[in-house]
Every structure is written in C-alpha cells, then in structure tokens.
Amino acid sequence: MDDLRTKAEEKMKKSITSLEEELNFLRSGRASAALFDRLRVDYYGTPTPLKQLANISIPEARLIVIQPFDRNSIGDIEKAILASELGLNPGNDGKLIRISIPPLNEERRKELVKKVNALAENARVSIRNIRRDINEQIKSGNFTDDEQKKGTNTVQKLTDSFVEKIAAIVEAKKEEIMEI
C-alpha cells in the first residue's frame, strides 16, 4: 500500500512541476530569464538553446540583458527573440542585447489570468486522474476492505494537499500578473 502512495505522490509532484514550468513561460510585467528557457537560436544551422550561447541577466525589474559569448551570434539571437511568441523587441549595441519589458495592459492581463486558470485546471485534472488510477489499483489489489478504505482515504488526502498547492501557485502567479 505504501508503494502505491509513494507512486501517487511522485506522479502528483511531476504534475506540480509541469505546472510551474508552464507558468514560468507566461510573461508577466517583470523581467525573467525563464522566458527564454525554450528559446532556440539557429546558430550555424543548429537550433541551440539561448542559455548555451549567452549570459542572461536581470539588472532591473523590467530589463533583460543578454550578452552573447560569440559576438557573431548577436544577430541570430535577436532574430530568434523577434520570431518567438514572447512579443519582445530586442535592441543591440553590437555587444549586448537589451530587452525592455513593457508593462502589460489590462486586456492582456485578463488573457494571461485566463491562461493561468486553464493551466491550473489541467493540473487539477491530472492530479484527479492519478487519484483515480491509484484507487483502481487499490480496489483491484489483494487488500482487505479496511485496507482499501484506508488506502483510498490516504490518496484523497494526498490529492487534496496537491490541489491546495496548485491553488497557492496559481494565486501567486495571478498576483504577479496583476501587479502594475
């Protein structure tokens, strides 16, 4: 029974991690290096993660500075940022790329909150599916009625705790998006 609980907890943690990663890619009004985690730059014909081509720093709350290791790649990095769905306008001085993060307008904030809510619902559904699968394994296993009841109660408590974590993560992200 403990191995089923451990299995459920591991899967639920993965769901939370996935949600946090997805939320990191949503642009709020603040600068974040996580915005570029998925960005690939066509570097000499090879799609390369930006992190491997440059240092990314956040000197101010609304400014991102990208310093390429190879100055020849600055144009490729700039093109990749412009082509991405981030909606950012990079400016370069030949050595650095500076990206000012503009404040979000009210309409965009509402769109982002809707997206956050949708991602949260997907995470909650994932957690509930894990609960269902584990409960089915408990019911089909060689457990007594008391053990089955105790197991399903344990899994339900685990589910509730992870749903609460999702709510806290989502609330923090909504506050970040809505702050001016």
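Buried means under 20% relative accessible area, exposed over 50%, and partly exposed in between, with a 1.4 Å probe and protein chains only. This is a predicted model: local features need pLDDT of at least 70, side-chain atom pairs count only at pLDDT 80 or more, and totals for chains, interfaces and linings use all residues. Side-chain values use heavy atoms, without hydrogens and water.

Q: Which residues of H3 are called buried?
A: Among them are Arg 109, Leu 112, Val 116, Asn 135 and Ile 138. The buried residues of H3 pack against H1 (2-24) and H4.

Q: What makes H3 roughly antiparallel to H4?
A: Helix H3 (residues 106-140) and helix H4 (residues 145-178) pack at about 170°, with axes 10 Å apart. Angles over 145 degrees count as roughly antiparallel, so H3 is roughly antiparallel to H4. The axes are lines fitted to C-alpha atoms over the stretch in contact, and angles run from 0 to 180 degrees between N-to-C directions.

Q: How do you know that the span of H3 agrees with its 35 residues?
A: The expected span is 1.5 Å times one less than the number of residues. For H3 that gives 51 Å, and its end C-alpha atoms are 51 Å apart, so the two agree.

Q: What makes a set of residues a nonpolar core?
A: Its members are buried Ala, Val, Leu, Ile, Met, Phe, Trp, Tyr and Cys residues, joined through side-chain atoms within 4.5 Å. The largest here has 25 residues, and Leu 19, Leu 23, Ile 134 and Ile 166 have the most contacts inside it. H3 gives the most to this core, with 10 residues.

Technical notes: Residues numbered from 1 in each chain as written. Helix = DSSP H or I, 4+ residues; strand = E, 2+ residues; numbered from the N terminus. Parallel < 35°, antiparallel > 145°, perpendicular 65-115°, else oblique. Contact = heavy atoms within 4.5 Å.
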